[in-house]
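I opened this notebook to record what I looked up in one structure, entry by entry. The sequence and the model come first.

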Amino acid sequence: MSAPTLERPAPDEAALLEQFDATLAADHRIEPRDWMPEGYRKTLIRQVAQHAHSEIIGMQPEGDWLLAAPSLRRKSVLLAKVQDEAGHGMYLYSAAETLGADRADLTDKLVEQKQKYSSIFNYPTLSYADVGVIGWLVDGAAICNQVPLCRSSYGPYARAMIRICKEESFHQRQGYELLMTMMRGTDEQRAMVQDAVDRWWWPTLMMFGPPDEHSPNTAQSMAWGIKRHTNDELRQKFVDMSVPQAEVLGVTFPDPELEFDPETGHYRFGKLDWEEFKRVVGGQGPMNAIRLARRRAARDDNAWVTEAATAYARKHEGAVA
Amino acid sequence: MHEETVYEALSNAHDDEGHWAFGTGFDEPLAGVDTTVPDGIDPADLGAYCLMLGDDALVLAQRLTQWITNAPELEEEVAIGNIGLDLLGQARLLLARAGSVGVLGRSRDLATDSIPDEDALAYFRDADEFRSTALVEAPNGDFARTMLRLLAAATVRLAVFARLRDSRDPVLAAIAAKGVKELTYHRDHAARWVLRLGDGTEESHRRAQDGVAAVWPLLADLFTATDVETRLAAAGVAVDPAGVRDEVRDVLTQVLQRATLSVPEWPAETGPRGRLGEHGPELTELLDTLQGLARQHPAATW
C-alpha cells in the first residue's frame, strides 16, 4: 500500500540521471536533497561509515597510552588528539545520516562486523614511540587518502573532510615532533622510535588499499567523483613524501629495495605482503577482536544511560534539563 | 583548502601552526608569568597548598580519562575529554606553581634536571607525598557513580576557586579565575546527567541512588582545614574549606532533589586524611599506571 503522496508525476529517471551526470561533469557538488543513483548513495554510505568507524576504532590504539603518557604535556596533547578523533567520527556519522543512514544502526553494523574500518588499527601499540609513529605515518597516510576527498562530489562529505584534514595535519606534525624529541633523547628512546617505524611502515603502506589491478570499485568511484586518485598513485605519493622526512628524523624504513629512481623521479619500493593485508582486513589481525569487543562493550554496558536520557527527554519534553 | 597546500603542510613538519579541534596549545604552563611570592606568605605553605589543589585535578583527570573509548556516546567522549583537559591544565599550572616556590618534596631525588617541575611532581612522588582526597581517588564505578563523583568534586572545587580569585597570591588568583569558568561547565555537565539518570528509567534511578551512596562518604574529610590551609586562609591566600561546606551541601541537595534522588545524611567529619598524605590502595594503583613509563626512563626527554 502506498502512502498518500503529493500529486506529482513520477519524475523521469533518465532525465534525473542526466542532470546528476551533468552536475558531476561540471565538478559541482551533489547535496542531500538532490536526486542520486541508488548505487552512488550506497557506495557513499559505505565509504563514509567506514571512515567514521576508523576514526572511532582509531581512538583505541593511542588511547591505550593515555593513562601512561610520560609527561603532562604529552598526556594533554594525546587526550586532545583522541578527543579530536571522536569529533571526527561525529562529523562523519552526521554526513552519513544526510544520506539516510542512522548512527546507531551503523555502529551495530560495525560491531557485528558487517562494515569495516581501516585495517591499520588492528595492530598493537607496544611503546610510546608508537604514538608518534601513528601521528607521523598513519595520520600522514590518512591525510594523503583524505585530502583529495575534500573535493568529493558529495557536498557534506567534502566539507567534513576539509575540517578533518586541517586537524589531521596538525596531529601529523605533533606526532613527528614527538619522534624528533625522542630522537634527541636517550639511546633507548632512539631504539624505540626505530622499532616502531619498523613495525608500522608496511601496515601503513597497506592503508592505501589493494593494488589498482585488484581494486574493482575504483573505476566506478572515480567516475562518481567520490575517489580522485587510484590506490597506487596515493601510495607512491606517500612514499615520496615520507623518505625525506625519515632522513631528517634519522630513521630508516625496513625495505632494502627502497631506492630513488632518477628516471621517474619517484622512490621504488618492495612488494607488500597482501596475504597479511587480507588476513587483517578479514578479521585475523592481532587486535581485531579486542578493538571490536571494546566498542561493543561501550555500546552494551552503557545502553542503560542512553535509555535514561531518552526517558528523561520524553518526560520533560520542551523543558531544558 | 587547496589540495596542494595540505600536502605542503605535511612535508613541512617543523612549523607549529595549526590547531586542535578542541583545546589550545599545551606548552609551559607558567611561561612569562611573574612567580614572585608576595611578602608575608610562606612559600612552603603556598607550595603545599598548590599540591593539594593540583593533585586533586591530576587524579580526577586520570580517573575521567579511564572513560575514553568506553563512554556511552561519542558526545560524551568529547565532553569527558574536555573536562579531563581542563583539569590537566589546572594540575599543570598548580604543580608548576608549587615547583616555582621550591616545593618539590622527594621528587627531585629521582627525576633528572631536564624534567620540568610539573612532571617531577606528577611522576616522581610516591603516594604518601600526594595531597589529593579520597573523593577524586575512588574508582569510577559505573557512569552514574562517575557523574555523581564529578558533580561533588566540581561543586567543591568551584566553591573554593570562586573564593580563590581574591587570593593574595596573584598566580593562584589567576589560576582560579580561569578555573572558575571551566568548573562551572564541569558542574553543569555532571548535574545534567544526574538529573537525566535520577529521573530517567527505573534502572538509571537505582544506579544513581547507588552512586550517591558510594560518593557521599567520600565527603567526610573535605571540610576540615589542615594547618597549612588555616595559616594561609588567615593570610588571605587560601580558602578555609569549612567555609564552603554549606554552599556545597545546598547545591548537592538541590540537584539530588530535582533528580528525584533521596539525600543521605551528611557524613560525620573525620578531619583531613588525603591532604596529610593518607590514602587507600586505589591511589597507589592509579599512580603505578600514571608514573610507570616516566619512571622507567628517568633520563629521557619527551
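**Entry 1, ground rules.** I noted that this is a predicted model, in which local features need pLDDT of at least 70 and side-chain atom pairs count only at pLDDT 80 or more, while totals for chains, interfaces and linings use all residues. Residues are numbered from 1 along each chain as its sequence is written, chains are lettered from A and ligands numbered from 1 in the order in which they are written, and side-chain values use heavy atoms, with hydrogens and water left out.

I looked up α11(B), residues 245-258, which has 14 residues and reaches 20 Å from its first C-alpha to its last, close to the 20 Å expected at 1.5 Å a residue. Helices here are DSSP runs (H or I, at least four residues), numbered from the N terminus, and the expected span is 1.5 Å times one less than the number of residues.

I then asked which residues of α11(B) are buried. They are V248(B), V251(B), L252(B), V255(B) and L256(B), and they lie on the same side of α11(B) because they cover an arc of only 125 degrees around the axis. The arc is that of the directions from the helix axis to the C-beta atoms. On the other side of α11(B), Q254(B), Q257(B) and R258(B) are exposed. Buried means under 20% relative accessible area and exposed over 50% (1.4 Å probe, protein chains only).

The buried residues of α11(B) pack against α7 (143-164), α8 (170-198) and α9 (202-215) of chain B, where contact means heavy atoms within 4.5 Å. After α11(B) comes T260(B), whose phi is positive, near 60 degrees.

Before searching I wrote down the terms: on a 1 Å grid over the protein atoms alone, a cavity is a set of points where a 1.4 Å probe fits but cannot get out, a pocket is an open set with protein on both sides within 12 Å along at least five of seven lines, and lining residues have an atom within 4 Å of a point. Grid points are joined across faces, edges and corners, and a volume is the space filled by probe spheres set on the points.

The largest pocket has a volume of about 1,300 Å³. I found 45 residues in its lining, of which Q47(A), Q50(A), M207(A), F208(A) and G209(A) lie nearest its centre. The largest share of this lining, 7 residues, comes from α2(A).

The second largest pocket holds about 470 Å³ of space. Its lining has 25 residues, and S114(B), I115(B), P116(B), E118(B) and D119(B) are the closest to its centre. I saw that α3 (74-100) and α5 (117-123) of chain B are the elements giving two or more residues to this lining, and that α5(B) gives the most, with 4 residues.

How many cavities of 30 Å³ or more does the structure hold? I counted 3, and the largest cavity has about 270 Å³ of space. Of the 20 residues that line the largest cavity, L53(B), D56(B), V156(B), V160(B) and R275(B) are the closest to its centre. The largest share of the lining of this cavity, 5 residues, comes from α2(B).

The second largest cavity has about 100 Å³ of space, and of its 14 lining residues V77(A), K81(A), V131(A), Q174(A) and G175(A) are the closest to its centre.
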